[in-house]
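Hi everyone, thanks for making time. I'd like to walk you through one chain today, so let me put the sequence and the structure up on the screen.

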Amino acid sequence: MRKYFTHNDPVVPVHHPRVLVETAVRQGADRDALLQDVGISTSTLASPEARITYRQFGLLTRNALK
């Protein structure tokens with residue numbers, strides 16, 4: 001049994017990326033540009049039980065900073 005997580009395990013609650021996207025959009029960012037190459041959709045962000053990987057969250061953060 002594995003006792004650790006990697007950057008590719010979906011463990012980040014969708015609440016964190018949803019707040020990041022909502023905040024960036026309120027400040028003028030384009031939602032589609034934020035999600036580009038991240039591998040998640042707006043429907044993923046709307047699902048309370050969804051999880052994403054740390055790699056996806058990092059890509060989303062990078063897009064938001066652009």
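Let's begin out in a loop, with Glu49, which sits between α3 and β2. One thing to keep in mind as we look around: this is a predicted model. Is Glu49 buried or exposed? Its relative accessibility is 61%, so Glu49 counts as exposed. Its side chain does have a partner, though: a polar contact of 2.8 Å links it to the side chain of Ser47.

Now let me zoom out. The chain has four helices and two strands, and if you read from the N terminus the order is β-α-α-α-β-α. For overall dimensions, the C-alpha trace spans about 45 × 25 × 15 Å along its principal axes. The radius of gyration is 12 Å, which agrees with the value near 11 Å that a compact globule of 66 residues would have. As for burial, 29% of the 66 residues count as buried. And here is a number I like: take the contacts between residues at least 6 apart in sequence, and 70% of them join residues at least 24 apart.

On to the helices, starting with α1, residues 15-26. Those twelve residues reach 16 Å from the first C-alpha to the last, close to the 16 Å expected at 1.5 Å a residue. Which residues of α1 are buried? They are Pro17, Val21 and Ala24. These three cover an arc of only 70° around the axis, so they are on the same side of α1. The buried residues of α1 pack against quite a list of elements, namely β1 (10-13), α2 (31-35), α3 (42-46), β2 (51-53) and α4 (54-65). After α1 comes Gly28, with a positive phi near 110°.

At the other end of the chain's order of elements we have α4. Its span also comes out at 16 Å for twelve residues, close to the 16 Å expected. Here the buried residues are Gln56, Leu59, Leu60 and Asn63. They cover an arc of only 100° around the axis, which puts them on the same side of α4. What do the buried residues of α4 pack against? Their partners are α1, α2 and β2.

Where does its side chain go? It reaches the backbone oxygen of Gly39, at 3.4 Å. Setting aside neighbours within four places in sequence, Gln56 is in contact with Val38, Gly39 and Ile40.

Two of those contacts, Val38 and Ile40, take us to the core. The largest nonpolar core has 13 residues, and those with the most contacts inside it are Val21, Leu34, Leu35, Val38, Ile40, Leu45 and Leu60. Elements giving two or more residues to this core are α1, α2 and α4. As a general point, nonpolar side chains tend to be buried together in soluble globular proteins.

A quick stop at strand β2, where we find Thr53. With a relative accessibility of 9%, Thr53 counts as buried. Not counting residues up to four places away in sequence, Thr53 touches His7, Asn8, Asp9, Pro10 and Val12.

Last stop: Asp37, in the loop between α2 and α3. Asp37 has a positive phi of about 65°, although it is not a glycine. For context, most residues other than glycine have a negative phi. At 60% relative accessibility, Asp37 counts as exposed.

Methods:
Residues numbered from 1 in each chain as written. Predicted model: local features only at pLDDT ≥ 70, side-chain atom pairs only at ≥ 80, totals over all residues. Heavy atoms only, no water. Expected span 1.5 Å × (residues − 1). Buried < 20%, exposed > 50% of the residue type's maximum accessible area, 1.4 Å probe, protein only. Arc of directions from axis to C-beta. Contact = heavy atoms within 4.5 Å. Polar contact = N/O pair within 3.5 Å; in protein donor to acceptor, adjacent residues only side chain to side chain. Core = buried A, V, L, I, M, F, W, Y, C linked by side-chain atoms within 4.5 Å. Rg over C-alpha atoms; globule rule 2.2 N^0.38 Å.
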